[in-house]
Amino acid sequence: MKIQSVNPYTEQIVESYMLLSDVALEEKVQVARRAFSTWSGFSAEKRASFFPAVASTLRARKEAYAYLMTQEMGKPIREARAEVEKCAWVCDYYAQHGPSFLQEEVIPTEATKSYVRFDSLGVILGVMPWNFPFWQVFRFAVPTMIAGNTCLLKHASNVPGCALAIEDVFSKSGLPPSIFTTLLISAKAVTRLIETDLVDGVSLTGSNIAGEQIGASAGKMIKKQVFELGGSDPFIILEDAHIEAAATTAVKARFLNTGQSCIAAKRFIVMEQVADAFIASFTKAFHALKVGNPKEDTTDIGPLARKEFVQELTAQLADAQSKGAKVIYGPEVPATGFFFQPAMVLGARQGMRVVDEEVFGPIAPFLIVKSHQEAVQLANATPFGLGASIWSRNLPVAEQMASQIQAGSIAINDLVKSDPRLPFGGIKKSGIGRELSSYAIKEFVNVKTVVVQGGV
Ligand code: NAP
């Protein structure tokens, strides 16, 4: 069976790739299992020592990798370059800090000695999405490998070129063979693989439907899982917010990656005293966005990654319009390519799909509230709990509100973004577990208690 990558700007096929046969798949996974026995025997310091070279390869070939992402999923090229840089950062970060995060932890008891070791778990499967085709993979794989595991990658089927390029980054940088292996396989083959003894854990970044299906398989096999799923992050503007700064950041937070980000601001909740001013500032920055060829440096918004996403967004927007919302359209989009004209939705409310569901594209719904309590209620009135942004000059008020919001990350007077130094993940339907920081490196480990009695 074949998969194809399609350039979403030209709508042309970039390349076709053969999927692995069942026999070839099993062979690759067995090799990764054998590689695990050597790799896990290295010290954490030795494992970490391979990663500065990975960072160098990424930086040296930044332009080529950025081009590949843009070609396969339409990411504006400036953002693609920044994504490669961020991958290099996560390599440097864990090369420096990974070994200390994995140090044994002594816990005094009545025993002669008692401590916790963080031993590797085995072969970990990463099932990854197309929206940050390099970053999602690196943020999962780097700490997981430094913890002594080997990684398998099942990438989204529209970015096979990125999947193979990532495997090549690791081998080019001198990592021993089969510590990281890309598998070109279907989603169906993923659940079959999880239901064997060949993999020891699974990390999924993707949709909730994929989470339910992979979770059912992993649950049946009692396997460790980390899930980074969807989000519908609120972006809350309080009455004393710096309106200009909030609006400029809001536009960035909604339209980065053409709106296809899990932690994009997806619902703008605005106190009524400042609603007109905020919407006016937002509208100005919104109309200044440049839509077009993602390979051009000046482009802010490119095509969506896949054709079917245009229909999905069209239906979500039509639902809001049919229920009385007013739509303000942004810049015109080219006639070809998987484009969706950016839109602001005024008068949005619960009961509309743009508010109740995750909107994975350039649509910005505005909800006006009369009190902080109403803002918190609305912010939490979602099955998701990934991130939230709060804007106020009164930091104690904003921090108090942060404690009431059900989300894995809160940004005050900033947009929600991931950072290798800070844990990242969601609650409710947004996921299980954490990525990045010292927390991530302990997701796929055996937290092993050792109690020693006797001796001298
Ligand atoms: P997706 O359709 O769930 O795909 C993600 C990955 O899962 C792909 O590799 C896909 O393979 C695979 N997959 C899909 N269904 C599967 C199944 N039933 N069994 C096994 N594998 C399956 O998600 P997407 O459209 O690529 O990504 C968008 C979603 O990801 C959004 O909901 C977004 O919020 C979420 N996301 C979350 C985070 C986070 O950190 N929380 C970050 C980025 C994205 P195929 O391509 O072959 O179907």
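**Exercises: how the ligand is held**

A backbone N or O atom of S157 sits 2.8 Å from an oxygen atom of the ligand. That is a polar contact (a pair of N or O atoms within 3.5 Å). The model is predicted, with local features needing pLDDT of at least 70 and side-chain atom pairs pLDDT 80 or more, while totals for chains, interfaces and linings use all residues. Residues are numbered from 1 along each chain as its sequence is written, and side-chain values use heavy atoms, leaving out hydrogens and water.

**Exercise 1.** Find how far the side chains of K154 and E358 are from ligand oxygen atoms.

*Solution.* 
- Step 1: start with K154, where a polar side-chain atom lies 2.9 Å from an oxygen atom of the ligand.
- Step 2: go to E358, which has a side-chain N or O atom 2.6 Å from a ligand oxygen.
- Step 3: now look at cover: the protein hides 89% of the 900 Å² of accessible area that the ligand has on its own (Shrake-Rupley method, 1.4 Å probe).

**Exercise 2.** Work out how many residues surround the ligand and what classes they belong to.

*Solution.* 
- Step 1: Gly goes with the polar ones, and Asp, Glu, Lys and Arg are the charged ones.

Definitions and conventions
Near = heavy atom within 4 Å. Polar contact = N/O pair within 3.5 Å; in protein donor to acceptor, adjacent residues only side chain to side chain.
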